[in-house]
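This report was prepared to accompany the sequence and the coordinates shown below. Please keep both in view while reading.

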Amino acid sequence: MSILANKDTKVVIIGGVAGVNAAKRMAQFDFLVNRSLSVQAFVYPPEEGQQKEIYRGGELNNISVYSTLKDALQENPQINTALIYLGASRAAQSAKEALESENITLVSMITEGVPEKDAKKLRALAINMGKMFNGPSSIGIMSAGECRLGVIGGEFKNLKLCNLYRAGSFGVLTKSGGLSNEAMWLCAQNGNGVTSAVAIGGDSYPGTDFVTYLEMFEKDPETKAVVMVGEVGGTLEEEAADWLGAEKRRIRLIAAIGGTCQEVLPQGMKFGHAGAKEGKKGLGSARSKINALREAGAVVPDTFGGLSKAIKQVYEELIANGSIKPEADIDEALLPALPPKVQEIMKQGDVIVEPLIRTTISDDRGEEPRYVGYAASELCEKGYGIEDVLALLWNKKLPSREESEIIKRIVMISADHGPAVSGAFGAILGACAGIDMPQAVSAGMTMIGPRFGGAVTNAGKYFAHGVKEFPNDIPGFLTWMKQNVGPVPGIGHRVKSLKNPDKRVKYLVDYVLNQTTLHMPCLEYALEVEKVTTAKKDNLILNVDGTIGCILVDLDFPEQSLNGFFVLARTIGMIGHWIDQTSQQSRLIRLYDYLINYAVKDEREVPEKK
Amino acid sequence: MAKILEGPAMKLFDKWGIPVPNYVVIMDPERLLQLGEANKWLRDSKLVVKAHEAIGGRFKLGLVKIGLNLEEAYEAAKEMIGRKIETAEIRQVIVAEMLEHDAEYYLSIAGNRDGAELLLSQKGGVDIEDNWDTVKRLQIPLDVTPSIEDLTETAKSAGFEGEVAERVAKIASRLILCFDNEDAQSIEINPLVIRKSDMRFAALDAVMNVDWDARFRHADWDFKPVSEIGRPFTEAEQQIMEIDARIKGSVKFVEVPGGEIALLTAGGGASVFYSDAVVARGGTIANYAEYSGDPSDWAVEALTETICQLPNIKHIIVGGAIANFTDVKATFGGIINGFRASKANGYLDGVKIWVRRGGPNENQGLAAIKKLADEGFDIHVYDRTMPMTDIVDLALKA
């Protein structure tokens with residue numbers, strides 16, 4: 001048995017992320033005691049229509065978020081309890097609405113810093129409506145073996161340590177949230193655990209007082225004693241003492257009262273909960289509470305540490321007089337264990353999960369990204385550049401200084417080729433249409449293909465083939481190409497020729513062959529091919545795509561990476577064009593009619609639809 | 001609870017039609033002379049000058065001067081501003097018209113669980129404590145506004161007569177309006193004075209507490225509450241308050257000069273029990289501290305460093321209940337860093353540290369803090385099986 005919350009308690013949580021976290025904790029308890037999910041709905045207007053994923057053990061539940069309590073209750077008429085997890089400025093209005101809802105009989109509020117006037121009004125409203133309002137500033141309510149409202153009881157392990165999977169014989173009442181958990185632990189360690197535990201909150205005017213809950217415990221046959229943790233301020237503890245002393249009570253009362261230190265502190269120095277304030281002339285002092293409770297017959301130890309002994313003593317007395325029949329503890333092994341997350345069991349090596357993807361180049365699970373094992377910051381610090389990172393990520397090895405100088409030059413001379421070419425023009429069209437940078441640059445990027453910029457890979461591929469299969473046999477290579485491929489990729493230029501050479505090609509070839517010590521078999525082979533082709537036709541020169549392709553093959557870049565150099569280099573240019581057009585606020589481009597040959601049918605009448 | 005100074009209280013009185021004397025709050029005595037040029041009442045009336053600070057017993061400290069003309073008020077202000085009373089410095093004075101009056105009354109209102117209680121007496125002024133039996137009370141239920149007739153009845157039962165009773169009832173009704181609409185917790189007007197020649201009333205002194213939690217609905221609250229600990233805050237206390245205002249959860253810190261046992265305790269309920277345990281065992285606390293609501297580790301680290309710097313401490317109690325959701329591993333991470341930094345800066349020499357805690361990730365947290373022993377800390381670590389405040393007993397026996 002229990003008070004306030006039981007197996008039939010069905011909950012709506014009003015509030016955002018803190019409320020969802022509470023629901024997760026509550027579902028862990030539901031799993032432990034094998035009850036149905038206690039949280040049935042959320043109310044939080046900003047997230048209306050969403051569903052929150054709540055695991056009860058391994059079972060995944062999707063709980064709806066409503067924008068109004070009315071909607072939530074209409075669709076979930078089984079709900080009888082509301083938990084308030086809103087901020088202080090909105091909590092009171094929401095609690096009022098909940099108390100005024102027909103099906104809801106209990107409202108508990110965790111919100112701290114609720115204005116006193118609001119709390120007082122809520123208390124009065126609850127009394128008028130014949131309902132329970134618990135809080136503000138309440139960590140929640142726990143009924144062992146039956147229901148958990150809020151995060152009271154802490155982590156899953158602690159629920160077991162405090163025997164909360166089944167009812168004991170002790171009720172717990174506290175103002176403080178932390179001490180409700182402590183008191184439950186003490187009842188499990190020194191007694192047989194709790195029936196229900198209620199944190200009423202440490203504000204000046206809690207919605208429900210100790211006496212109301214003591215009455216409820218008195219009527220709960222399974223509760224044999226109550227541990228009450230009070231403190232200086234207000235008169236709830238004195239009222240509890242009056243209640244205890246008024247007539248013979250079935251339940252025993254054990255109490256601890258905080259705040260005796262204020263007797264010796266400098267005058268006016270006060271701390272602790274908002275409600276922990278002594279009134280005029282010692283009214284509500286810890287000492288007056290302790291005395292009143294002791295006189296009424298409660299067991300009140302001198303310090304909180306003395307509670308352990310007091311509980312043990314009362315427990316033994318209750319066993320001795322037959323009120324409590326001790327039960328054997330349930331074997332821990334028989335209790336359900338929370339299903340672990342995949343990451344946790346993988347760590348222990350108890351499960352094999354086939355990875356979805358595999359990477360061999362990059363890892364950012366540590367403090368910073370590592371490229372093929374090297375920390376990015378260390379590369380920076382040791383003087384490496386973007387060309388080295390490129391080589392690491394595309395080819396998994398650090399280039400030599402000569403190699404990285406070549407890579408850098410390839411990117412530099414390929415970065416842009418004016419606004420007229422397909423890629424740049426595509427990006428400019430996009431910029432002028434007002435679209436954002438990633439989309440506009442992608443528009444340019446989609447142009448890269450067989451007719452624009454796509455020759456680097458194939459040039460590298462076929463010249464490499466020539467070096468391997470037709471060394472010293474250029475004619476043989478050209479015949480093979482003619483039969484199997486067609487024109488040699490990387491050979492030929494629309495405007496440039498032997499007499500009007502491509503400056504970029506001349507520079508690159510000269511740099512690679514004369515300024516470095518590298519061995520460049522593929523490039524040299526291509527230059528031999530060029531000698532043969534230009535003999536046939538003046539413009540069949542080795543073009544820039546062919547040159548770059550061959551150099552990269554000689555630098556040992558994988559064939560499929562070669563086009564990446566063009567993609568990367570031109571991205572720099574296209575971003576530049578987008579920025580240029582956008583900062584000029586260029587207008588939308590529309591082709592002039594005179595640039596279009598309208599080779600269309602004459603105007604004619606549309607026939608009737610058959 | 002937030003006590004506010006007389007100036008802002010007078011402003012709220014004026015807003016709700018409670019008669020107040022003319023007054024000004026100044027930080028610079030020269031300003032008073034300039035105000036004197038602009039305000040006839042400053043030149044013509046007798047004046048009172050009071051230190052406008054949260055200092056108790058101002059009269060005895062010579063921080064209230066009465067019956068002055070403008071020149072004397074200027075001299076009094078000059079003398080008070082800048083004076084130091086223990087750790088407090090007087091920065092402002094309030095200069096008010098000292099209304100010549102025929103009688104001093106007492107009028108107050110204080111909230112309680114069921115609403116508020118109005119207190120009324122004809123014997124106001126400094127002797128009210130001795131005349132407490134003359135005070136008449138009226139309980140005002142929540143959401144009820146007493147009629148002028150009811151209030152007049154109460155006034156009459158307190159001995160007020162005729163027009164005075166009616167006027168006092170009117171002022172009481174305005175006090176109730178002010179109390180209710182300004183989210184006040186208590187307002188005391190002592191004395192409420194009357195000059196019978198022209199039936200002029202004025203609240204000559206005001207002690208007002210407002211509910212600081214309600215500030216979100218009071219756009220015109222341009223004041224700050226004064227310290228609730230009976231003295232102005234120290235610099236270290238202010239630093240922790242600034243951190244507290246920035247984080248989720250909270251960190252709190254109050255210095256208690258002369259104590260030997262420092263507290264680094266968790267939770268608003270448990271922390272008080274730790275203070276109690278120290279006192280109950282004959283020890284003296286050097287501070288009160290509290291971290292709760294799963295605060296960030298850096299905030300707990302700052303609190304730790306502040307506590308380690310308290311003078312002449314012999315023990316630090318790192319105590320707490322079994323937390324519901326404050327992560328022990330994370331918060332202890334902050335405490336461990338704070339201890340290390342303090343030791344490196346020359347603190348904690350000869351200080352014994354006593355730890356007891358439970359809650360989420362308690363095993364990792366306790367294991368981590370226990371390792372400080374390997375770094376030369378005199379640290380004693382206990383888990384949830386140690387009764388909560390018994391580490392205080394161990395410390396005091398050590």
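The sections below treat the domains, the sheets, the helix packing, the chain contact and selected backbone features.

The structure is a predicted model. In chain A, the domain assignment gives domain 1, covering residues 11-334, and domain 2, covering residues 415-610. The C-alpha centres of these two domains of chain A are 74 Å apart.

## The open sheet of chain A

Chain A contains an open sheet of six strands with mixed pairing, in the order β9-β8-β11-β10-β12-β13. Strands β9 (147-150) and β13 (252-258) of chain A each have a single partner strand, so these edge strands are left without a neighbour on one side. On average, and with direction ignored, neighbouring strands of this sheet are turned by 10 degrees against each other.

## Packing of helices α8 and α9 in chain A

Two packed helices are described by the angle between their axes and the distance between the axes. In chain A, the axes of helix α8 (residues 236-246) and helix α9 (residues 286-296) come within 8 Å and cross at roughly 10 degrees. Because angles under 35 degrees count as roughly parallel, α8(A) is described as roughly parallel to α9(A).

On the α8(A) side, the contact is made by A:Glu237, A:Glu238, A:Ala241, A:Leu244 and A:Gly245. The α9(A) side contributes A:Ser288, A:Lys289, A:Ala292, A:Leu293, A:Glu295 and A:Ala296. By residue class, the contact of α8(A) with α9(A) comprises five nonpolar, two polar and four charged residues.

## Contact between chains A and B

The contact takes 51 residues from chain A and 46 residues from chain B. On the side of chain A that touches chain B, at least two residues each come from α3 (88-99), α4 (116-129), α6 (177-190) and β12 (225-231) of chain A. Helix α6(A) gives the most to this side, with six residues. The side of chain A that touches chain B divides into 19 nonpolar, 21 polar and 11 charged residues.

## Chain B and its strand β9

The secondary structure of chain B comes to 12 helices and 19 strands. Its C-alpha atoms fill a box of roughly 80 × 50 × 40 Å along the principal axes. Of the 398 residues in chain B, 47% are buried. Among contacts in chain B between residues at least 6 apart in sequence, 71% join residues at least 24 apart.

Strand β9 (residues 115-121) of chain B is largely enclosed by the rest of the structure, because five of its seven residues are buried. Strand β8 (residues 103-112) of chain B runs antiparallel to β9(B) and is joined to it by seven bridges; a hairpin connects β8(B) to β9(B) through two residues. In this pairing, B:Gly111 has B:Ala116 of β9(B) as its bridge partner. Strand β10 (residues 136-141) of chain B is also antiparallel to β9(B), with six bridges between them. Here B:Glu117 has B:Gln139 of β10(B) as its bridge partner.

## Selected backbone features

Two cis peptide bonds may be noted. The bond from A:Gly135 to A:Pro136 is cis, with omega near 0 degrees, and A:Pro136 lies in the loop between β7 (132-134) and β8 of chain A. The bond from B:Asn190 to B:Pro191 is cis, with omega near 5 degrees, and B:Pro191 is in strand β11 (residues 184-195) of chain B.

A positive phi is found at A:Asn34, near 55 degrees, in a residue other than glycine. A:Asn34 is in the loop between α1 (17-33) and β2 (39-43) of chain A, and it counts as exposed because it has 12 C-beta neighbours inside 10 Å. B:Met199, which is not a glycine, has a positive phi of about 50 degrees. The place of B:Met199 is the loop between β11 and β12 (200-203) of chain B; with 10 C-beta neighbours inside 10 Å, B:Met199 counts as exposed.

Terms used
Residues are numbered from 1 along each chain as its sequence is written. Chains are lettered from A and ligands numbered from 1 in the order in which they are written. This is a predicted model: local features need pLDDT of at least 70, side-chain atom pairs count only at pLDDT 80 or more; totals for chains, interfaces and linings use all residues. Axes are lines fitted to C-alpha atoms, for helices over the stretch in contact, and angles run from 0 to 180 degrees between N-to-C directions. Helices (H or I, at least four residues) and strands (E, at least two) are DSSP runs, numbered from the N terminus. Angles under 35 degrees count as roughly parallel, over 145 as roughly antiparallel, 65 to 115 as roughly perpendicular and the rest as oblique. Two residues are in contact if their C-beta atoms, placed from the backbone, lie within 7 Å. Ala, Val, Leu, Ile, Met, Phe, Trp, Tyr, Cys and Pro count as nonpolar, Asp, Glu, Lys and Arg as charged, and the others, Gly among them, as polar. Domain bounds come from an automatic or database domain assignment. Two strands pair if DSSP finds at least two bridges between them. A residue is buried if 20 or more other C-beta atoms lie within 10 Å of its own, exposed if 12 or fewer, and partly exposed in between; C-beta atoms are placed from the backbone.
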